[in-house]
Amino acid sequence: MKKLRAFISLVLAGAVAFSIVGCSGFKVIDDEDVFYDALENVLDIKKKETYHEKRTDINGDDAEYVIYSRDGDNVYTYIRFEEEDDAMDLFEDFYEEFEDALDDFEGSNTRSITKTRGSVIFNGELEEKSNLPLVFGNGYMYEDSDIYGGVYVNKNVYIEVYTVNGSKRDKEKINNFLKALKFPKP
């Protein structure tokens with residue numbers, strides 16, 4: 001009986017470890033063309049229709065490349081920093097603010113963070129007067145708002161893909177885009 005319990009405990013521990021690794025498992029996109037390809041192939045957004053800039057400043061930190069695109073209620077942001085710490089600092093700010101907003105959030109979310117990688121994936125409603133530090137756009141909620149998508153960091157690359165008050169079709173676009181990047185979806 002003790003051996004059976006030990007075996008079941010090992011299986012459950014393995015399943016939990018696998019689910020944690022599976023949720024946070026996504027690759028770094030160190031080539032902006034991968035992001036552009038997903039925008040064009042999944043959403044029919046051409047490079048010339050995006051805001052993009054090389055060697056710029058984001059919150060006082062040096063970024064090698066920035067891509068920002070808005071499609072209705074959907075936002076797609078890619079930032080490749082020169083330093084991994086800068087990407088992680090930006091992500092940690094979002095992570096902490098999201099945790100602070102959980103009292104005002106109703107829905108599902110998955111959060112993970114390590115030394116060089118993290119994700120916050122969300123699908124729910126955030127109460128008015130809540131604030132999330134999104135890079136582009138306004139993260140302040142003037143009314144109760146449905147939020148759907150995710151914020152990801154891996155090494156020196158920070159990515160936001162989300163919709164605020166998006167339709168079912170907007171959420172499908174988010175899912176298809178994240179699937180193209182092989183990122184976890186809400």
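Mentor: From the N terminus on, the elements run α-α-β-β-β-α-β-β-β-β-α, which gives four helices and seven strands in the chain (DSSP runs numbered from the N terminus: H or I of at least four residues for helices, E of at least two for strands). This is a predicted model, so local features need pLDDT of at least 70 and side-chain atom pairs count only at pLDDT 80 or more, while totals for chains, interfaces and linings use all residues. Residues are numbered from 1 along each chain as its sequence is written, and side-chain values use heavy atoms, with hydrogens and water left out.

Let's settle on Y65, which sits in strand β2 (residues 61–71). Y65 counts as buried because its relative accessibility is 3% (buried is under 20% relative accessible area, exposed over 50% and partly exposed in between, with a 1.4 Å probe and protein chains only). Of the 186 residues in the chain, 41% are buried.

Now look around Y65. Leaving out residues up to four places away in sequence, Y65 touches E32, Y36, K47, H52, E53, K54, Y78, I79 and R80, where a contact means heavy atoms within 4.5 Å. With Y36, the side chain of Y65 makes a side-chain polar contact of 2.9 Å (a pair of N or O atoms within 3.5 Å, one able to donate a hydrogen and the other to accept it; residues adjacent in sequence count only if both atoms are side-chain atoms). D31 is 34 residues from Y65 in sequence, yet their C-alpha atoms are 9.5 Å apart. Across the chain, residues 24 or more positions apart account for 55% of the contacts with a separation of 6 or more.

From Y65, step to its neighbour E32, which lies in helix α2. E32 has a relative accessible area of 14%, so E32 is buried too. The side chains of E32 and R80 are joined by a polar contact of 2.6 Å.

Helix α2 (residues 32–43) leads on to helix α4 (residues 168–181): their axes are 9 Å apart, and they pack at an angle of about 140 degrees. In this packing, V34, F35, A38, L39, V42 and L43 of α2 meet K173, N176, F177, A180 and L181 of α4.

Notes
Axes are lines fitted to C-alpha atoms, for helices over the stretch in contact, and angles run from 0 to 180 degrees between N-to-C directions.
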